[in-house]
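Q: Hi! I've just opened this one and would like to talk it through with you. Mind if I start with a single residue and work outwards?

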Amino acid sequence: MTATPVTTAAKASPDARMDVLDGMRGFAALAVVFFHFFSRWAEPHFTPTLYQHGAALAEFFPIQVGGAFGVRLFFLISGFVIMMTLERSTGLIDFAVRRSARLWPTMLVCATLSTLIINGSGIAHIYENVARYEVTAVEYWSSIFFIPPDLTAGVLGIEQADRPRWVEGVYWTLWAEVRFYALIALAYWLSPRGAFLWVWAGLQVASTVLDIAMQATGGFNGGTAAGMVLQPDILGWFTLGLVAWKARTLGAHPALLLASGAAIIALLVGPIVSISGVAVGLTDRVLREGVLMVAIATPFVLFLRGSRLVAPLAWNPMVTIGLASYPLYLFHERPGMAYLHWLNSAGVPPWVAVFIAIGIAIATAILIHKLVEMPGKRVMLKGLMPGAAGLQSRIPALRMAANKP
């Protein structure tokens with residue numbers, strides 16, 4: 001989720017284009033935040049409603065789908081920017097260090113703060129109808145290293161009363177991101193010169209075929225080895241972002257057309273399978289998915305074309321939130337429930353309390369961005385990059401294809 005220079009028809013103002021991309025990231029983060037503060041813990045998602053301000057907006061469509069919208073837009077943007085990072089990276093170790101420096105310091109701080117608030121404030125016992133709210137050691141250590149806690153518990157043979165879960169629910173998307181990074185880095189590293197796009201197109205086709213097969217046999221099963229690697233329900237978003245980045249210079253390259261076509265089919269396969277059968281709420285589901293796809297694609301396409309219609313995303317407050325979108329994304333949901341409880345206990349009217357809580361989440365994210373995210377990234381890069389360069393110098397096989405002798 002890093003900002004990157006973008007080369008498009010609007011070359012005269014690259015800074016403004018970067019601002020639009022950051023603003024888009026901020027918009028995605030806010031969509032997730034509003035979903036968690038108004039819909040996630042209310043009926044029909046959760047019974048009974050936990051919010052003191054009630055469930056008045058829980059089924060308001062833009063808020064109800066805000067979580068799905070924000071997450072998918074993040075995946076799309078991630079696919080777009082990761083290609084740039086790969087093209088800058090000299091080898092596998094270099095790429096791994098760049099990604100770790102970008103993600104890990106902020107995850108460590110946000111997961112630790114969430115755990116302290118949840119376990120140390122008594123908030124875990126306030127919402128009695130939440131089965132288990134405390135964070136266990138397995139959940140904490142798994143979360144800070146982007147590993148699913150239930151996977152860790154299974155490997156270690158640790159039994160818990162309830163299924164282990166992430167410190168924050170949104171962390172599952174970081175596990176998806178990490179798997180995407182590993183897959184694309186290996187594909188880029190192993191591909192002969194000039195063949196990467198065809199290799200990636202082949203991976204997307206395989207992912208799409210797997211998605212169709214899983215849907216046809218009763219639904220998605222991401223727990224299989226193939227599902228873990230190819231992420232058939234997610235990979236298409238990353239691929240469309242990747243295609244958008246490469247199309248800047250290559251235009252309608254056949255491999256890009258194949259990859260994007262397979263990605264679109266994968267993203268449509270769920271509704272297509274539903275349409276072919278009989279399902280309760282079929283019309284609502286298809287409509288919801290269609291609106292979501294259009295809502296996600298429209299601002300991104302306008303951004304790629306340099307349209308002035310997305311210029312409001314470059315508004316300074318939105319850009320500021322976009323720059324802090326990663327800590328905001330990681331650190332708002334369960335601490336936010338604590339903020340709401342404390343504010344309401346202090347006599348703050350519920351509808352005032354919820355916007356104060358959102359303000360606290362945004363302000364905290366901006367502080368973490370300035371005090372942790374950026375300094376942490378600099379420290380890690382400074383400390384680890386020389387070692388990465390030295391290792392790749394001693395082992396040339398670790399270099400990316402474009403950098404191999």
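Q: Where does Arg 25 sit?
A: Arg 25 lies in helix α1, residues 14–38. Helices here are DSSP runs of H or I with at least four residues, strands are runs of E with at least two, and both are numbered from the N terminus.

Q: Before I go on, what kind of model is this?
A: This is a predicted model, where local features need pLDDT of at least 70 and side-chain atom pairs count only at pLDDT 80 or more, while totals for chains, interfaces and linings use all residues. Residues are numbered from 1 along each chain as its sequence is written, and side-chain values use heavy atoms, with hydrogens and water left out.

Q: Thanks. Is Arg 25 buried or exposed?
A: Arg 25 counts as buried because its relative accessible area is 1%. Buried means under 20% relative accessible area, exposed means over 50%, and partly exposed is in between, with a 1.4 Å probe and protein chains only.

Q: Which side chain does Arg 25 meet in a salt bridge?
A: That of Asp 22, at 2.7 Å from N to O. A salt bridge is a side-chain nitrogen of Lys or Arg within 4 Å of a carboxyl oxygen of Asp or Glu.

Q: How many salt bridges does the structure hold?
A: Four. One of them joins Asp 94 and Arg 98, with the closest N and O atoms 2.8 Å apart. Both residues lie in helix α4 (residues 92–120), four residues apart, or about one turn of the helix. Asp 94 is buried at 7%, whereas Arg 98 is partly exposed at 27%.
A: Another is between Arg 102 and Glu 373, at 2.4 Å from N to O. Arg 102 is in helix α4 and Glu 373 in helix α16 (residues 350–394), so this pair ties together parts that are 271 residues apart in sequence. Arg 102 is buried, at 6% relative accessibility, and Glu 373 is buried as well, at 3%.

Q: Back to helix α1. What does Phe 37 touch, leaving aside its neighbours within four places in sequence?
A: Phe 37, which is also found in helix α1, is in contact with Tyr 51, His 53, His 332, Gly 336, Leu 340, Val 354, Ala 357 and Ile 358. Contact means heavy atoms within 4.5 Å. Phe 37 is buried, with a relative accessible area of 2%.

Q: Which residues have the most contacts inside the largest nonpolar core?
A: Leu 86, Tyr 171, Ile 184, Phe 196, Trp 200 and Leu 328, in a core of 109 residues. Helix α3 (residues 66–88) gives the most to this core, with 13 residues. A nonpolar core is a set of buried Ala, Val, Leu, Ile, Met, Phe, Trp, Tyr and Cys residues joined through side-chain atoms within 4.5 Å.

Q: What about phi at Phe 146?
A: Phi of Phe 146 is positive, about 65 degrees, although this residue is not a glycine. Phe 146 is in the loop between α5 and α6 and counts as buried because its relative accessibility is 10%.
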